[in-house]
Amino acid sequence: MSFSDILIFLLKRKKYSIGIPFLAGVLGFAIAWIVPPYYKSEIRIFLDTGSKVTDINSLMKGTAASGILGSFGTSLGSMASQENEDLYLDIIDGRNVMLAAIEEFRLDTVYKNVKYKESLIKLFHKDIKINIDELTGIISCEYEAKNKELARDIVRFMVKEANTKYVKLRQERALQTIEQLRTFRQSIVTSADSLSEALVKFYRSNNLLNLEAQLELTISALSGYEEQIKNMKISESNIGTDNSTAAELRKKRLILEKEFKKLRGEFSEDYLPNKNSVYINSDWAVEKIIEQQKLEADLRRIFATLEMIESNIVMEESNAAKNMPVIQVVQDAYLADYKSKPKRAIWAAIAVILSFALINGWLIARAIYTGELENENRELLKRIVNSLGL
């Protein structure tokens, strides 16, 4: 049995193979015409998430890495959680908002014969479609209903209700964040006080007034000593060694060289600058400058973090005080002027395809059973029919 045999067989019976599917298509078209139409409404919004506590993270990591704040510095990450599109989507697509919409619009009269609220929520969740455009961040909410006004009002209500809950949640989280930031600020202030005391102690214990300025004076003095020593050596060479003037110059030169070595050269472990002089050992001063710069760098980082904390407290207090919508309507919900379903052409096409497959399948199977079409599976088909009692 070839394909051409089947085709010829069906064409001879086109009254059934083609006529019945055609009538089924007309019937499908008519049913689609009669079935109550559904109308879709959509609202498109953009979410304004407001101020966020994010810039402080880098400073927090720096203070934690330097050990300034101990283990407390790493806890700030928990307060930097962000209100974003995902949170809003969770709210608008959540049980509370959907249940509020069901109760507001008495959707139990739309979804009839539903006994439990959870089943009602599942049916409503299936019909409400909420999506976000990953590129633009625009959120869309659409719904289909027989009543076009209901479809429009539901999507508006969903967006409004989600906004109310989102604002409330943001306010609560802002208050929590403010409390955490204030606690963190107190720790920062304590650390700043501790570092300030350490810097003061550093100066007192080392008999310092202004390390950089004292080092500059010392270098200037060394330069002067070096020039004087050089000139004295030249004078000694010109005068000679066998007179009192040369001896006097040598004595002064040795004193200058001794003073030079005090300001430039090795120093003992217990060395401290003389309180009666502003000059210090330059080699010792270089080591102390590194220690001082580290203390000052930590202190600057602390003050920068404190400034950022103050800025974020102000922003979070502003967020906590706001009771404004966080959404911007890009496209408002509308009354549809044309139905979204049923599509008459689609219903007709489905009816034609299904009836064509069923009718022609039945005609071919019957022809094989009666022997009108030769097929090696004829006996198997007869046994199956007989076993079914047909």
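Let me start with a cut-off: buried means under 20% relative accessible area, exposed means over 50%, and partly exposed lies in between, with a 1.4 Å probe and protein chains only. This is a predicted model, where local features need pLDDT of at least 70, side-chain atom pairs count only at pLDDT 80 or more, and totals for chains, interfaces and linings use all residues. Residues are numbered from 1 along each chain as its sequence is written, and side-chain values use heavy atoms, with hydrogens and water left out.

First, Arg95. With a relative accessible area of 39%, Arg95 is partly exposed. Arg95 sits in helix H6, residues 95-104. Helices here are DSSP runs of H or I, at least four residues, and strands are runs of E, at least two, numbered from the N terminus. Leave aside the neighbours within four places in sequence, and Arg95 is in contact with Glu118 and Ile121. Contact means heavy atoms within 4.5 Å. His125 is 30 residues from Arg95 along the chain, and their C-alpha atoms are separated by 9.0 Å.

Now the whole chain. The protein chain has 13 helices and 4 strands. Of its 390 residues, 36% are buried. Take contacts with a separation of 6 or more: 76% of them join residues 24 or more positions apart.

Which residues of H10 are buried? They are Ala246, Leu249, Arg253, Leu256 and Leu263. These cover an arc of only 95 degrees around the axis, so they lie on the same side of H10. The arc is taken from the directions from the helix axis to the C-beta atoms. An α-helix has 3.6 residues a turn, so residues three or four places apart point the same way. The buried residues of H10 pack against helix H9 (211-239) and H11. On the other side, Ser244, Lys251, Lys258 and Lys261 are exposed. Just after H10, Gly265 takes a positive phi of about 150 degrees.

Last, Tyr279. Tyr279 is in the loop between helix H10 (244-263) and helix H11 (282-321). Its relative accessibility is 34%, so Tyr279 counts as partly exposed.
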